[in-house]
Each structure stands twice: as structure tokens, then as C-alpha cells.
Amino acid sequence: MRLQIYISYPKSVIILLLLFTHSYPVNAQPATTKTDTIAYYNQLVSRYRYDKPDSATLYANIGLKLAIRTNNVSGQAMMLNQLGMIDDNVGEFDASRKKYLQALALYKQAGNTVGMATENIRLGVVEMRKGQYDKATEYFLRALVISQHNGNKLGQMEAYITLGEATAGQKKHVEALAYYHTAEKLNNQLSFSNLSLNLFNDIAISYRETGRLEEAKPYLLKGIEQSNVPKYQGLNITLTNTLASVYAKGGDKQTSILLQKKALEKARKINNYIRQIQTLTGLATTYGKADPKNALCYWQQALELSKSKNSYKEQIEELNAIADIYEWQQNYKEAYNARNKQYKLADEFFYKKMSRQIVSLQDAYELNQSKAREQELRFDNKRRILEQKVAYAIMFGVVIVLVILAVYYYRTRQFNHLLHTTNTKLQETNTVKDKLFSILGHDLRSPFVSVINLLQIIDDDLEPEQRKEILKRLETNTKASLDTLDSLLRWGQMQIKGIPVNQIVFDASPLITRTVVFLAGVADSKNISINNTVPDGIKILSDADHFEFIIRNLLSNAIKFSGFGGEISISSIATTLHVAITVKDNGIGIALEKINGLFAFNNESTKGTDNESGTGLGLLLCKEFIEINDGSISVESEQGKGSAFTVIFKTAE
């Protein structure tokens, strides 16, 4: 109902609502009663992160030292996350990524799944800002899987929002809206937060970019009303600026400028320079070439503010815009001055370091050249002295010896090269052979054990119905084993002859069901229940044989390392572009020190709960098949509580 009321408001009422909204004092700060704690330093860093990054860095480092001194692992991760965001805000993406990875490792050590999801989100944001949308999407999907496993709806909402932002960054706003509306459903089940405001702003931007301006306004007006408290003043300004851009796109520049001036007034009151830059550049863009005088005025204000904060990237962008306006006015002198400052600034910050490296390399090269010439002169001098002292007969003998040595050296090199080539080919052939035998051991041993067990219980005393059921199970396992053998032979042919991967679009559910039936006998022998919740209609782009092998191997391992009476689940999460399938057990789990080497060639096999043996190459082959099909695999495990392997594939789209 509230959205309908907003839509029915006249434009003048909306403007009055925004103009006379109560402004809060600059110094309104949350009261803090307990100091010298991790939470206290985290609050200080959040307060100063945007406006006073140096102060924020100081408090974050104090908090980090406190967390290390008190052995607070999650506290260390929290402070590293804050330091990463400080680097992120100034464009130091490599430095921020390093800190996020350190924080992720600490959260894993502490078993803090909420923190793990948060760091995957931050890593995805870094990749998104670098334009690496595929990598960003992969991190966001991992965060979604973690939050769904631990039931954290707020984490799920944030994951869907960031998936939408990564999709919108690729100009796919219709697909982005699908993610946003999923997040909106979760938001309706949760308490209001800053994520709610970010979601409203993102939805409005996608509506604006698809021309649905009237649908964008209710979200922005609702967000502006709910953010009108000291805690959310920064987001209130952002929402106001987005509403201004909606009006500007609809041709109402007067309303747009009025809204932006109100946003600028708020940004100055709370001394938020990032929002001031955002609003000043927005005003300058709205005025544009239609009013170059005002546009230049706001660009100059933004430039002065960027200079005061040493924000060189913003200065370069602002000088570029100023030069463009002067050129349009044919004021070439001022355009030249602005462009010259822009190039000097870019040279100072982007190219000076590179120039120093080039000069250093050049100096090293010239020094080496000088040493080489010096050695050459010494050699020539010695050679001339030797020529004068040595008789022609001895020289002739030396020449003969040199010729013999040269021939011998040439033939030896040929032989060594041939030997090296032969050894390399033999090693490659042995590797393929080892992989093939590994697959045979992994995929055919289990069903044949099941067949033998069934044969051993067939007896003349069995009832006809029991005999019929056992024979039916024998037929099913035998056919499944034959299908597996055919697939393995095709794989071996691919390894030897290099046949291309046969990627197709297929429904994952039937193959997973067939795998469950295939391994049911082995699971029954340990009284293990398998719960498959993957629905029909999940379309995957992959090689079907590779996919079936991967699921079969993961399920076989889950059975192998589950105790008697254990439980195994197979679940899926599908998004617009990717499908994540997880095989989870409650078995013995994996030691932390062994997880990093699970997918390595030298991984040593561990015996199962029923003393089952293996080759240790199964997961290596799974990883190879997944990467060939443009997918990824990850694992979460804790000793004594089980393991969860998640594979991500592309969807049909």
C-alpha cells in the first residue's frame, strides 16, 4: 500500500518532503560505554573509514594487535577485513584482496561460517571492481552456498544482491532484477538494515537503465524515508542522488538539480567527502553542456575537494571533464591547461614507478654489457699472446682435438635430446595409464563387490519373490557396470588420441539418480542412507560422461568415509548462470592439513571406515574434468563431523 501512496503523490509534494526532512547534527555519534575491546575498535574504524582513512588504519592496527595478544582469531579476521576495505576504498585492490584472503583463512580456522561468507562477498567485490565478473560471480555463489548451509538469511540476501550487481555490471539488468527480487523476498522476512537500502537503490538503478522510471521512484522514496536517521545519512544521500538521476533521465532536470543540491547540503553537514564528490559530479553532469558555467563550477568544487583528500584518481577524472567543457566552449587555452594537469598527474601516479623500473633495468643491462666487453678484451689479449708462443704444429694438433670434441659434443647432445624426448613421452603414457587404472579401481570395484554379495546370498531356499528381487538388482548393477566401462574406455581413448570434450546441455537429475542406484548396494552394505533432493529440470552445460564420473566419485568417497548407519545428502542451488551441486556426509571428515593437498597428484589415499582402499587419484581426476568443462570444485570439512564437496557448472544459458 505504501508504494501506491508514493506513486500518487504530486511531484511538488515529493520535493517538499525531501527539502524539509529533518537534518541531524554532524557530531551525533553512538554512545560507547566499553572501550579497549575489538567491537569498540571495529566501531571506530567504521566511523572513520571513508572520511579519515589514516585514523581508521590506526584504530584497525590497534584492534589487530589486541586480537593477537588475546588470541581472538575472529577478532583478527574482523580487523583484517576492515584494513582490506580501507585499501579497497582508495583503489588498492591487490592489497585489499590479500587482507581478505588472510581474514578468510582465520574465519575458517575459527569455524566462523558467517565471517567466511562475508569474506567471499568482499573478494567478489574486489574482482567486480576490476571488471572480472566471472570470478566475482564465483565468489558470490560460494557465499550463497555457505549462508544457505548455515541458515543465515541475511547472508543469503547479501549474496543475491551482489550477484545482481555483478550481472548489472555486465549491462544485463533484466537478469539482475531477478536476483534483486529474490533478495527482496528475503528482506521482507528480516529486520530493516543497511542492506535493505542498498537493495532499494540497486533495484531502482536497474529499473532506470531499462527505462522503467515510474517503477524506480517508489523504491527510492521508501529508501529515503527509512534512511532519514543519523546512522544511514550516507545511504540517504546516495538514494537521493539516484532519484535525481531518474528525474534527469526523464527530462526533468530542474527537479533533479533541486534533489542533488539537497543531497550536497546533507553531505557537507555530515562531512562525508565521498558523498560530496558523488553529488558534485552528479550536479556537474546534470548541468552539462546545456549550462557549462554551472557545470564548470561544480567540477571545480569537486576537484578542490579531491585535492584536499589526495584522491588522485578522482582528480584525473575531474580534470578530464573540465578539459572537455573548455574544448566544447572553444576555450583552448584553459582546455590545454586542464589537460596538461591531467596528464602530469597521471604520469606522476601511474607511470613514474614504471619509469623507475625501466631505468633500473636499463642500468643493469648496460652494466652487464660493459662487463661482457671487458671480458672479451681480456680474452682477445690472451689469445694473441698464446698465438705468438705456440708453434704451428701444436696449433694444428689442438685444432684436430677441438674438431673431435665438437663432433662428440654434437652427437652427445643429439642423443641426450632423443633420450629426453623418449622419457617425456613414456612419462606421459605412464601418467595416462595410472589415471585409467585409478578410474577402473574407483568405479568398477564397488559395483562388482555388490554383485558378489548378491550372488552369495542366492540360495535354493529363497522365496520366488526374494529371488526375483535379487536377480533384478543383479541385472541393474551389471548394466550400470557395463555403462561405466564403456564411459571409461571412451575417456581412455580421449587421453590417448586427444578427442575433444563433448559438451552438451542435459538434465542433471537422471544422471545423479542413476549414480545413486549404481552405488546403492555398497551403501546398503554399510546401512547408509542417501537423500537426493536435486529436482528435475536442472540444466547443465558439460560433458555428460565427465559429470556422471564426478558425481559417482564424490558419492563413492562419501560412502567410503561414512560410518555404519551414516547419512549422505545430494543437494543443488541453481541461479541464472550457474548450478552448484553439493555432496555432503556426516563421516570421519578430513584433517585441516590434508585439505590443501586433496587435489594434488601426490595425494596419498586414506582407508575408509570399512578398511576400503583407493589410489588417491580420484579427486585429481574430478578436478581435471571439472576444469575442462569450465567449472570449479571446493570442499568444507571438519574432523569427526563430515565433509561437503561443492561443484559449480555453467547452466544452459
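View 1. Ile530 faces Ile568 of strand 4. Strand 2 (residues 529-532) and strand 4 (residues 567-574) run parallel and are joined by 4 bridges; strands pair if DSSP finds at least two bridges between them. Strand 4 and strand 5 run antiparallel, with 7 bridges, and a hairpin of 3 residues connects them. Ser569 has Lys584 in strand 5 as its bridge partner. Strands (E, at least two residues) and helices (H or I, at least four) are DSSP runs, numbered from the N terminus. This is a predicted model, in which local features need pLDDT of at least 70, side-chain atom pairs count only at pLDDT 80 or more, and totals for chains, interfaces and linings use all residues. Residues are numbered from 1 along each chain as its sequence is written, and side-chain values use heavy atoms, without hydrogens and water.

**View 2. The stacked pair Tyr48 and Tyr59.** The ring centres of Tyr48 and Tyr59 lie 6.0 Å apart with planes at 25 degrees, so the pair is stacked (rings of Phe, Tyr and Trp, the last by its six-membered ring, pair if their centres lie within 6.5 Å; planes under 30 degrees apart are stacked, over 60 edge-to-face, the rest tilted). Tyr48 belongs to helix 3 (residues 38-48) and Tyr59 to helix 4 (residues 53-69).

**View 3. The edge-to-face pair Phe547 and Phe649.** Centres 5.5 Å apart and planes at 70 degrees make the pair of Phe547 and Phe649 edge-to-face. Phe547 in helix 23 (residues 544-560) and Phe649 in strand 7 are 102 residues apart.
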